[in-house]
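The sequence and the model come before the text.

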Amino acid sequence: MRIPGFLNATYSNDLKLTAFVAQALGQIEAHINGNRPVFFPEYTDHSIKHVELTLQTAIDLASPAARGLLTSVDAAALMVGVSLHDLGMYLTRDGFESLLSSDSHWLGVPFFDRKTWKVLWEEFYAEATRFDGRKLRQLFGEHYRPARPLPPHGSAWEDFDYLLVGEFLRRHHPRLAHEIALYGLPARAGNSIEICPKATEDQVFLADIAGLVARSHGIDLRTCVDYLLFKYKNKIDPRGSHPIYLGALLRIADYFQIQASRAPTARTDVTTFQSGISEGEWTVHQSVKDINNTGGDPEAIVVIAEPKDVETFLKLRKWIIGLQRELDQTWAVLGEVYGLQFHTGLNLLGLKIRRIKSNIDDVAEFARTVQYVPAQLAFEAANADLLKLLIVPLYGDRPEIGIRELFQNAIDAVRELNDLAIKQPSLLDLDRYDQEADVTLRMKVDAENALTELVITDRGIGMTADIVRDYFLKAGASFRKSDAWRKDHEDAEGHSRVLRTGRFGVGALAAFLIGDRIEITTRHVLAKQDEALRFSASLDDEFIALDRVRAPIGTQIRVLIPKEMRSNTRWIAPSSTDKEIEYYSRIGHYFLKEPSLTRYRPDGTKIDVTKWLPQPDDEVLEDWRWCTARGFERLFWTYKHEYPGLACNGILIENRNSSNSWLHGFIIKPNISVFDREGSLPVNLERNGLQGPIPFKNELLSSISDDLLAHALVEAPSRCSSEWFAGRYEGFRCDPENWSPWLIGRDGFLLNEMGLVANFKPKTIVLALGGQRDLSPWAEQIQSKLGAHDLIVFLQPEAFDYSVPRVKGLLIEALGGYLRAPSWLIGSLRATYVPSRVIEMVGRLRPGKVVTRTLGRLEKIADQNGWKCVQHASDQSSDLHDQIISLTADKDHPVIFSVFNVEIDSETEESSLSRRWLEVAGTSLVPFDVISRRRLENHCSTKIGKVTEVRRRAKTKTKRQAVLSKEIVRQ
């Protein structure tokens, strides 16, 4: 190995150092010359020649003043460190297996390493199994395959296996270089080949420093500073060496080993590269024609390059930017370590250069010299490799989601053009796509009705090259969050004028759930006819070319579906027997009349839509109610089951609303169609639900309160003996185990809602357990004896109709004063009235000890007209008591009555539902009396008149349908 003369002169007089260097370099040279880099068969030159060039470049980078400060230990450490820095790339398969063995000698360097090589490999392999197509293509070439476990010891390896290990070693070879210096080079059967002698403490120190220098080229130089403080308590000159400066020389010198001589053209002319990474590295090296510092700036290096294509240009530019960043960081660390060492002169440890310049710095000027556009276009993630995280793992293997996302983008584009046309109406007269609707969907299928091609065309605003590059092809980057979009589509107060559905910037990727390639033609509304763009792309394309074409304004996306993906699309295309698009259709997703969307069968016939969601300017409809909510334009809701659970701006989010999704108390969440200009709805990334609760719960409850009040005013009976009070409202899901939704008073009824009950100020509650569902025959009789602030509540109708074991527990609960009341109501039991029929029933059910004792106590109580009255307090209402025991006990539908004194917990906060009810009605009680109720309805009409009107029309319609049905039955 040729050693620069300066280094030879610096250390050769020290015999111990000479012996150390001679053995280390001899072993390294012998191993490199005797082996080929089996894990890096296609990489650029990493032979002894590369070591010699790097070593010479390192010395050339040192300023004259710095050279004078280098010691003999520095010279020895630099020579061995540079020779070691890529030695790990010459590891053999046997050495790799020894490195990973359970009894491996290579356990890491304290301070730096906490994981064994086996753990590192397991983590890397787990990551490799998740490599996306682009990464696999870079590693393995065009005919790549997914990562799989390495063959067992002694079995043959494929090229793919070597390349996979090569990627692992490429990442970790700086650490391996340090461990080779300390522990030797891994060899067959767990043995090691000693590289650096370590017979004395000085040799161990020198091996560690040389290993640290080698390691430093792949880690943050500041971490090396911390290591020196940890190990030697000296970051500046431990034992007369200057490791941080040596590491700075190596990392910059290694960066500069980029020149055509390391990648000879003669070889590439006869070699077909398997690995994309290898091929890219060779072409980058070949493109560099000269590196010099003969310009006017003595501290600058000038790179002259001729990259032949955009891929090489981008990689070379990345290298130049990276080198400048490395120079800046290296100078900063040198300043931190040596900058204050004026007294020792170590502040002069610096580099000859600070800057790098090239002929490709001015991209616009360089573009004039080549035939390609020097700019990167490819699908990429704006953050954290979203490409591999988003598509199938995000949406599931559901190609119809891709159609939804493409619909969404197309509809948004139409809305944006319509918004611009408000100020520039002439835009709508330009040459847009000539089609029936704002957006169209057309499909082609094969003989098995599986999709082969899908085309979505919109007459929207279109895209510019900048939008394609910066947003469409970049996952997680939404143009609708950009300053340019806000300038065009927000008002003076910063509020969007456009209903925005797209939000996360991942919609375009969803097209790849359908097929593996998309072809896009797009023209922005402000572009000339011959400035439209056309491109074809797949997720694995590293570079995408944009062509200028002539096209109408708008965007057309064509998705091509290969045979291997068609099995998932077999049920997407509608058949000739499908008469209309349903909400659950795989090509449904959007159900507003404006902007319009037309879907065509594969035979070219149009498919109708008969069920629409309300438009944002609709008023109260028969099926829908609406309200406003902060941050939203309008919020429509309905309890009609035929509508989807949740839609935003016409795009379905939840097809079905869970009947168990309670909104408040016994009120379930309705089906909702919301119009959201600001992107306020917290939709999850999958767009199939919300992240957390709905943000407009209070406004929704207030609107439901209006509808509930109208329901009570229009549809409630004028008598209390009716099943209506068990809950006929569409939004009730009442648990019979709990209180009824309506509470009955002497003069009317009220909703079982804390704020309304508190407003009523009840004193006594009669709790009815069991009995008939229509509350006959007892309800009206007890009602007549209620005081002005007394209420009847009932639960578990028909609880005692059948002789089943659970009636034993119900009897015990009733006698124990178990009120089953909401938490905000406090009650004390006054009396319980048990019909003899229930006592007889329980007695026949083989009662246990507790129930037997209870029955014994009841037997001792005098029977009063078939009732046993258990007194718990002395302040009984004689009217109520007399009325209850005067009732004829219903033998078929027994009922137990419990009378409670009650009060309201004043610390419980009332809901927006009760606040709105009282705001509109002024009272919690809805009268039974028809005239009084009509008077209350008139009072409420200014605020809920439209709702009551719709309710009344629906009631009339229902009556007519009932009459018609009876006539049909009679006929």
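The model described here is a predicted one.

## Strand order and pairing in that sheet

The sheet is open and has eight strands in the order 12-11-10-13-8-7-14-15, with mixed pairing. Which strands stand at the edges? They are strand 12 (547-549) and strand 15 (606-607); each has a single partner strand, so one side of each is left without a neighbour in the sheet.

Strand 10 (residues 517-523) pairs with strand 11 (residues 532-537) in the antiparallel sense, and five bridges connect the two. Within this pairing, glutamate 519 has serine 536 in strand 11 as its bridge partner.

Strand 23 (residues 742-745) and strand 26 (residues 790-795) run antiparallel and are joined by two bridges. Isoleucine 744 stands opposite isoleucine 792, which belongs to strand 26.

## Cavities

How many cavities of 30 Å³ or more are there? The count comes to two. The largest cavity has a volume of about 90 Å³. Its lining consists of Leu767, Leu769, Leu795, Glu813, Ala814, Tyr818, Arg820, Ile896 and Ser898.

Strand 25 (764-770), helix 25 (806-815) and strand 29 (895-904) are the elements that give two or more residues to this lining. Sorted by class, the lining of the largest cavity has six nonpolar residues, one polar residue and two charged residues.

## Aromatic pairs

The count of aromatic pairs comes to 42. A pair of aromatic rings is described by the distance of the centres and the angle of the planes. One of the pairs is formed by phenylalanine 39 and tyrosine 162, with 5.6 Å centre to centre and 40° between the planes, and it is tilted.

Phenylalanine 39 lies in the loop between helix 2 (15-34) and helix 3 (48-61), while tyrosine 162 is in helix 9 (residues 159-183), so the pair ties together parts that are 123 residues apart in sequence.

## Backbone details

Where are cis peptide bonds found? One joins glutamate 594 and proline 595, with omega about -10°. Proline 595 is placed in the loop between strand 13 and strand 14. Another joins serine 776 and proline 777, with omega about 0°. Proline 777 is in the loop between strand 25 and helix 24 (779-783).

Phenylalanine 111 has phi near 90°, a positive value in a residue other than glycine. Its place is the loop between helix 6 (93-100) and helix 7 (117-128).

Terms used. Residues are numbered from 1 along each chain as its sequence is written. This is a predicted model: local features need pLDDT of at least 70, side-chain atom pairs count only at pLDDT 80 or more; totals for chains, interfaces and linings use all residues. Side-chain values use heavy atoms; hydrogens and water are left out. On a 1 Å grid over the protein atoms alone, a cavity is a set of points where a 1.4 Å probe fits but cannot get out, and a pocket is an open set with protein on both sides within 12 Å along at least five of seven lines; lining residues have an atom within 4 Å of a point. Grid points are joined across faces, edges and corners, and a volume is the space filled by probe spheres set on the points. Helices (H or I, at least four residues) and strands (E, at least two) are DSSP runs, numbered from the N terminus. Ala, Val, Leu, Ile, Met, Phe, Trp, Tyr, Cys and Pro count as nonpolar, Asp, Glu, Lys and Arg as charged, and the others, Gly among them, as polar. Two strands pair if DSSP finds at least two bridges between them. Rings of Phe, Tyr and Trp (its six-membered ring) pair if their centres lie within 6.5 Å; planes under 30 degrees apart count as stacked, over 60 as edge-to-face and the rest as tilted.
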